[in-house]
Amino acid sequence: MRGHLTEKADIFGFGIVALEILSGRPNTDNSLEDDKIYLLEWAWALHENNQSLDLVDPNLVEFDENEALRIVGVALLCTQGSPLMRPPMSRVVAMLAGDIEVSGVITRPSYLTDWDFRDLTSSFVTESIQASTASEDNDNHNQNRISSGPGAAPILSPVNVSDIPEER
């Protein structure tokens, strides 16, 4: 793709916006419980448990359940991991209008199954702290190592200054 957006990227974005409108909330909301922080992840969990209507904005007093389920189904199709599995926009419009059934095999995208977003930051911080502590312990026990801690001389890396373009 070489950094160019495609029609299928627009379809993915449309799916996210459809979920945001239906739920009345943003794509990410850190003030919510862990299982609701990421809208798409929460939508998939509800869909897999046949509770998709729980996604609907609680401020909506009255709504057509079939239309809400149609929107969720279309949004999940639009956010499939592979662009080839996402429907063209003309089909999205036809599904939303009720002219054709929401179709296709809907599977949880790999970008949701392969990553646990909630643990990413905490495990990175934990690993970083552990690595830092281990490094300090090694530095204290190994007199031949150069320490890069506070007060230590900086470790210089060789740079060819002649390769750096001059500012004009």
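Biologist: What does the side chain of Q80 have 3.1 Å from one of its polar atoms?

Modeller: In this predicted model, a polar atom of the Q80 side chain lies 3.1 Å from the backbone oxygen of L76, and the backbone oxygen of T107 lies 3.0 Å from a polar atom of that side chain.

Biologist: And where is Q80, and is it buried or exposed?

Modeller: Q80 sits in the loop between α3 and α4, and it counts as buried because its relative accessible area is 1%, where the cut-off for buried is under 20%.

Biologist: What about S82, which loop is that in, and how far is it from S110?

Modeller: S82 is also found in the loop between α3 and α4, and with 27% relative accessibility S82 counts as partly exposed. Its C-alpha lies 9.1 Å from the C-alpha of S110, although S82 and S110 are 28 residues apart in sequence.

Biologist: Let's go to the helices, then. How do α3 and α4 cross?

Modeller: The axes of α3 and α4 come within 9 Å and cross at roughly 165 degrees, and the two helices are therefore roughly antiparallel to each other, given that angles over 145 degrees count that way.

Biologist: What is the handedness of that crossing?

Modeller: The crossing of α3 and α4 is right-handed.

Biologist: Which residues of α3 are buried?

Modeller: The buried residues of α3 are A68, V72, G73, V74, A75, L76, L77 and C78. One of these, L76, is the residue whose backbone oxygen lies 3.1 Å from a polar atom of the Q80 side chain.

Biologist: And what goes on at the start of α3?

Modeller: There, a side-chain oxygen of D64 reaches to within 2.8 Å of the backbone nitrogen of N66.

Biologist: Changing topic, how many salt bridges does the structure hold?

Modeller: It holds 2 salt bridges. In one of them, the side chains of R108 and E48 meet at 2.9 Å, N to O, and because R108 lies in the loop between α4 (89-97) and α5 (110-113) while E48 is in helix α2, this pair ties together parts that are 60 residues apart in sequence.

Biologist: How accessible are R108 and E48?

Modeller: Both are partly exposed, R108 with a relative accessible area of 22% and E48 with 45%.

Biologist: Which side chains meet in the salt bridge at 3.6 Å?

Modeller: Those are the side chains of E33 and K36, at 3.6 Å from N to O. E33 is partly exposed, with a relative accessible area of 48%, and K36 is partly exposed at 25% relative accessibility.

Biologist: One last thing, what is the phi of N50?

Modeller: N50 has a positive phi of about 55 degrees, although it is not a glycine. That deserves a note because most residues other than glycine have a negative phi.

Biologist: Where is N50 found, and is it buried or exposed?

Modeller: N50 is in the loop between α2 (39-48) and α3 (65-78), and at 73% relative accessibility N50 counts as exposed.

How values were computed
Residues are numbered from 1 along each chain as its sequence is written. This is a predicted model: local features need pLDDT of at least 70, side-chain atom pairs count only at pLDDT 80 or more; totals for chains, interfaces and linings use all residues. Side-chain values use heavy atoms; hydrogens and water are left out. Helices (H or I, at least four residues) and strands (E, at least two) are DSSP runs, numbered from the N terminus. Buried means under 20% relative accessible area, exposed over 50%, partly exposed in between (1.4 Å probe, protein chains only). A polar contact is a pair of N or O atoms within 3.5 Å; within protein, one must be able to donate a hydrogen and the other to accept it, and residues adjacent in sequence count only if both atoms are side-chain atoms. A salt bridge is a side-chain nitrogen of Lys or Arg within 4 Å of a carboxyl oxygen of Asp or Glu. Axes are lines fitted to C-alpha atoms, for helices over the stretch in contact, and angles run from 0 to 180 degrees between N-to-C directions. Angles under 35 degrees count as roughly parallel, over 145 as roughly antiparallel, 65 to 115 as roughly perpendicular and the rest as oblique. A crossing is left-handed if the near helix is turned anticlockwise from the far one by less than a right angle, and right-handed if clockwise.
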